[in-house]
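Look over the sequence and the fold, then read on.

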Amino acid sequence: MQVIHKIGRRKTAVARVYVSEGKGNITVNNRELNDYFTTATLQYKVQQPFALTGNEGNFDVKVNVYGGGITGQAEAIRLALSRAMCELNEENRAELKPEGLLTRDARMVERKKFGQKKARKKFQFSKR
């Protein structure tokens, strides 16, 4: 099996994932998964595609991720891994699609407009 390369995005985070056969090591930005994502929730999000397809411990994953916060990065990695699992075996699509793991979440932060405090919030009007 050759290396499978996929890209996942969430908010402003971009994750490049390289999946190859191995013992289940996941490396994120040259650090172990548990060192990079310290909370159990984020670790679960990253490993979710493997758990749903029954491939825990079968693949080594090397991830380069940048931009956004840690939650956006974890979800970008999850999308890229889900795409890689689908390329590996088309039958995995049936398990991942109903869970919503193959859908790119397009929600982005709305930009701040000039003359306003934030994107929607206005400056307070005071009558003196």
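Which strand holds Val65? Val65 lies in strand β5, residues 59–66. The model is predicted, so local features need pLDDT of at least 70 and side-chain atom pairs count only at pLDDT 80 or more, while totals for chains, interfaces and linings use all residues. Residues are numbered from 1 along each chain as its sequence is written, and side-chain values use heavy atoms, with hydrogens and water left out.

**Val65 and its place**

- Strands are DSSP runs of E with at least two residues, helices are runs of H or I with at least four, and both are numbered from the N terminus.
- Val65 is buried because its relative accessible area is 5%.
- Buried means under 20% relative accessible area, exposed means over 50%, and partly exposed is in between (1.4 Å probe, protein chains only).
- Gly8 is 57 residues from Val65 in sequence, yet the two C-alpha atoms are 9.3 Å apart in space.

**Salt bridges**

- A salt bridge is a side-chain nitrogen of Lys or Arg within 4 Å of a carboxyl oxygen of Asp or Glu.
- By this rule there are seven salt bridges.
- One of them joins the side chains of Arg10 and Glu75, at 2.8 Å from N to O.
- This pair links distant parts of the chain: Arg10 sits in strand β1 (residues 4–10) and Glu75 in helix α3 (residues 70–88), 65 residues apart.
- Both Arg10 and Glu75 are buried.
- Asp105 and Arg107 also meet through their side chains, with N to O at 2.8 Å.
- Asp105 counts as partly exposed because its relative accessibility is 23%.
- Arg107 has 56% relative accessibility, so Arg107 counts as exposed.
- Glu110 and Lys113 form a salt bridge whose closest N and O atoms are 2.5 Å apart.
- Lys113 is partly exposed at 23% relative accessibility, and Glu110 is partly exposed at 36%.
- Through shared partners, salt bridges join Arg10, Lys45, Glu75, Asp105 and Arg107 into one network.

**Aromatic pairs**

- A pair of aromatic rings is described by the distance of the centres and the angle of the planes.
- Rings of Phe, Tyr and Trp (its six-membered ring) pair if their centres lie within 6.5 Å; planes under 30 degrees apart are stacked, over 60 edge-to-face, and the rest tilted.
- The count by this rule is two aromatic pairs.
- Tyr36 and Phe37 make an edge-to-face pair, with 5.0 Å between centres and 85° between planes.
- Tyr36 counts as buried at 17% relative accessibility, and Phe37 counts as buried at 1%.
- Phe50 and Phe59 are stacked because their planes are at 20°, with ring centres 6.5 Å apart.
- Phe50 is buried at 6% relative accessibility, and Phe59 is buried at 9%.

**Positive surface patch**

- Which residues form the positive surface patch? Arg9, Arg16, Arg83 and Arg104 form it.
- Patches are made of residues with over 30% relative accessible area and no salt bridge; like charges are joined within 9 Å, and nonpolar side chains (Val, Leu, Ile, Met, Phe, Trp, Tyr) within 5 Å.
- Lys and Arg count as positive and Asp and Glu as negative, with His and the chain ends not counted.
- The place of a charge is NZ of Lys, CZ of Arg, CG of Asp or CD of Glu.
- Arg104 lies in the segment after α4 (93–99).
- With 33% relative accessibility, Arg104 counts as partly exposed.

Terms used:
Accessible areas come from the Shrake-Rupley method with a 1.4 Å probe; for residues, only the protein chains shown count as cover.
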